[in-house]
Amino acid sequence: MTNPAPTSPVKARLLGLGLAGAVFALDQIVKWAMIGPLDLPRVEQIVLLPIFNFTWAENYGVSLGLLTAGSDLERWLLVGMTGAIALGVAIWIFMEKRLGEILPLGLVLGGALGNILDRVAKGFVVDYADLHIGSYRPFYIFNLADVAITFGVLIILARSFLSGKKRGHIKLDAAPSTPEN
């Protein structure tokens with residue numbers, strides 16, 4: 001069996017941007033459903049499973065409740081900061097050539113754009129996914145964009161740690177080479 005032809009860098013970038021667009025669109029559709037048809041801001045919580053609810057939360061900060069924006073100035077500073085990060089990820093996508101590196105960047109970009117749009121349009125990020133074990137909540141309430149960002153970052157980190165291209169590492173089991181006379 002032969003290996004499939006490698007994906008061209010242009011095609012890989014288009015796939016990454018397509019994935020970013022799909023994540024962005026799906027995130028916005030789910031948030032629309034939470035706000036509209038499910039009316040989560042009014043009902044506050046919908047119990048789905050013993051370990052998972054839809055719970056309304058307005059996130060005025062970033063990951064783990066850090067950098068909470070208490071004013072319009074802070075809100076727009078967060079928009080600027082997260083926008084700069086998203087721009088950096090987009091540039092990284094255009095610089096990268098390998099599909100395995102580009103797709104997780106697409107996850108990060110799509111998720112970031114979904115949360116940025118919330119912050120611009122609403123002043124906060126819409127969160128609703130509440131994973132818990134009884135009253136123990138190992139995570140803050142989150143959304144699909146957060147999941148995409150988290151998985152994208154984890155894949156990038158795993159690929160960097162597991163990469164066979166370790167630079168500057170010395171093989172401890174290799175005997176030193178000596179010039180032959």
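Let's start at Asp 118, which has its place in helix α4. Helices here are DSSP runs of H or I with at least four residues, strands are runs of E with at least two, and both are numbered from the N terminus. Keep in mind that this is a predicted model: local features need pLDDT of at least 70, side-chain atom pairs count only at pLDDT 80 or more, and totals for chains, interfaces and linings use all residues. Residues are numbered from 1 along each chain as its sequence is written, and side-chain values use heavy atoms, with hydrogens and water left out.

Is Asp 118 buried or exposed? Asp 118 counts as buried because its relative accessible area is 0%. (Buried means under 20% relative accessible area, exposed over 50%, and partly exposed in between, using a 1.4 Å probe and protein chains only.) Setting aside neighbours within four places in sequence, Asp 118 has contacts that include Gln 28, Lys 31 and Val 125. Contact means heavy atoms within 4.5 Å.

That brings us to Val 125, which lies in strand β3. Val 125 is buried too, since its relative accessibility is 3%. Beyond its neighbours within four places in sequence, Val 125 touches Lys 31, Ala 57, Asn 59 and Asp 118, among others. Val 125 and Asn 59 sit 66 residues apart in sequence, yet their C-alpha atoms are 4.9 Å apart in space.

Now for the sheet itself. It is open, with 3 strands in the order β1-β2-β3, and the pairing is antiparallel. The edge strands, β1 (45–49) and β3 (125–131), each pair on one side only. On average, neighbouring strands are turned by 30° against each other, direction ignored. Two strands pair if DSSP finds at least two bridges between them. Strands of a sheet pair through backbone hydrogen bonds, either parallel or antiparallel.

Strand β2 (residues 52–59) pairs with β3 over 6 bridges, in the antiparallel sense. Here are two of the facing residues:

| Residue | Opposite it in β3 |
|---|---|
| Phe 52 | Leu 131 |

How many residues of β3 are buried? The answer is 6 of its 7, so to speak a mostly covered strand. Helix α4 (residues 99–122) lies across β2 and β3, running at about 125° to β3. For such angles, axes are lines fitted to C-alpha atoms, for helices over the stretch in contact, and the values run from 0 to 180 degrees between N-to-C directions.
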